[in-house]
Amino acid sequence: MATNGTEHKHQNGQENFRHQEVGHKSLLQSDSLYQVHLLLLPLYPPPPPCSFRIHDWLTFFRHFEFQQYILETSVYPREPEPMKELRELTAKHPWYIYLSWTLNIMTTSADEGQFLNMLVKLINAKNTMEIGVYTGYSLLATALALPHDGKILAMDINRENYELGLPIIRKAGVAHKIEFKEGPALPVLDQLVRDAKNHGTYDFIFVDADKDNYLNYHKRLVELVKVGGVIGYDNTLWNGSVVAPPDAPLRKYVRYYRDFVLELNKALAVDPRIEICQLPVGDGITLCRRIS
Ligand code: SAM
Ligand code: CA
């Protein structure tokens with residue numbers, strides 16, 4: 001495991017999962033998928049005698065039920081049409097279908113999308129950044145919340161997925177706010193940090209990419225975000241694995257990234273340059289408000 005202040009090596013772009021965020025009335029989608037998972041429950045790891053207990057599973061499904069309730073009551077009925085369209089398009093993506101079956105998905109959940117949209121409005125953000133775009137759900141949530149002359153510098157190593165969602169973003173009339181850069185984010189941040197004119201210029205930054213680089217991003221982003229501005233680090237509960245016992249049978253990539261997420265959470269908690277608030281929205285998001 002890398003330590004605070006060292007360079008954290010990025011191994012691959014694979015990611016990112018959360019308990020279900022999906023629409024209605026298909027096998028891929030909420031009620032039926034939930035029932036399928038319930039039926040398959042006995043087949044999933046971890047069975048006894050490992051130290052994950054039935055209580056953990058019940059807690060997991062309780063959390064799932066809360067999220068379904070929130071989605072159906074407060075989120076889906078008010079979800080802007082373009083976000084709904086993009087969410088449904090993303091649900092047909094092969095990565096999404098595969099990851100749904102393993103209880104992991106790439107895209108930001110609709111409740112978190114609603115949260116980001118409101119946050120951007122609450123802080124009157126204008127100049128923003130996103131690291132980790134995929135098909136653009138969180139990007140669209142941000143773009144819709146920004147004023148007409150708002151900006152998002154969006155970075156992802158994969159342009160193809162971004163281009164899947166781009167027609168919907170264009171149709172929503174917000175594509176002009178987005179500058180997309182294809183490639184790893186770290187060199188772009190280094191370039192931005194080299195020019196002092198960029199320091200303290202971002203109102204809001206959403207980080208949802210390679211977890212093994214989050215501390216490297218943080219080192220640079222703290223310079224780039226303005227005092228009073230907010231950085232949001234996504235997936236800081238890492239599918240609940242942050243509280244899993246050491247011998248819990250986690251999937252390989254969950255175990256690998258867990259150490260980085262744990263280390264990030266510890267580092268953010270003691271960083272005197274920021275105030276933090278870690279929320280159990282989606283797979284966990286930690287908001288960092290720069291104070292010095
Ligand atoms: N925020 C997105 C959404 O709402 O759909 C989900 C982002 S997905 C969880 C993570 C993304 O990070 C992937 O699209 C992946 O290609 C990208 N990624 C991985 N490593 C990266 C890196 N080093 N620099 C930039 N993007 C990276
Ligand atoms: Ca995420």
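**Helices side by side**

Modeller: Let's start with helix α8, where Ala 185, Leu 186, Leu 189, Asp 190, Leu 192 and Val 193 meet Asn 216, Tyr 217, Arg 220, Glu 223 and Leu 224 in α9 (contact means C-beta atoms, placed from the backbone, within 7 Å; helices are DSSP runs of H or I, at least four residues, and strands runs of E, at least two, numbered from the N terminus). This is a predicted model, where local features need pLDDT of at least 70 and side-chain atom pairs pLDDT 80 or more, while totals for chains, interfaces and linings use all residues. Residues count from 1 along each chain as written, with chains lettered from A and ligands numbered from 1 in written order.

α8 covers residues 185-194 and α9 residues 214-224; their axes lie 10 Å apart, at an angle of about 30 degrees (axes are lines fitted to C-alpha atoms, for helices over the stretch in contact, with angles from 0 to 180 degrees between N-to-C directions). That makes α8 roughly parallel to α9 (under 35 degrees; over 145 is roughly antiparallel, 65 to 115 roughly perpendicular, the rest oblique). The crossing of α8 past α9 is left-handed (near helix turned anticlockwise from the far one by less than a right angle; clockwise is right-handed). Sorted by type, the residues where α8 touches α9 are seven nonpolar, one polar and three charged (Ala, Val, Leu, Ile, Met, Phe, Trp, Tyr, Cys and Pro are nonpolar; Asp, Glu, Lys and Arg charged; the others, Gly among them, polar).

Now try another pair: helix α5 (residues 110-122) and helix α6 (residues 137-145) have axes that come within 8 Å and cross at roughly 30 degrees. So α5 is roughly parallel to α6 as well, but here the crossing is right-handed. On α5, look for Gly 113, Leu 116, Asn 117, Val 120 and Lys 121; on α6, for Tyr 137, Ser 138, Ala 141, Thr 142, Leu 144 and Ala 145. This α5 and α6 contact splits into six nonpolar, four polar and one charged.

Next, the sheet: seven strands form an open, mixed one, ordered β3-β2-β1-β4-β5-β7-β6 (strands pair if DSSP finds at least two bridges). β3 (178-182) and β6 (274-279) are the edges with a single partner each, so one side of each has no neighbour in the sheet. From one strand to the next, the twist averages 15 degrees. Inside the sheet, β5 (residues 225-234) runs antiparallel to β7 (residues 285-290), joined by five bridges, and Gly 232 sits opposite Leu 287 in β7. Helix α10 (residues 252-269) lies across β5, β6 and β7, at about 135 degrees to β6.

Conventions:
Contact = placed C-beta atoms within 7 Å.
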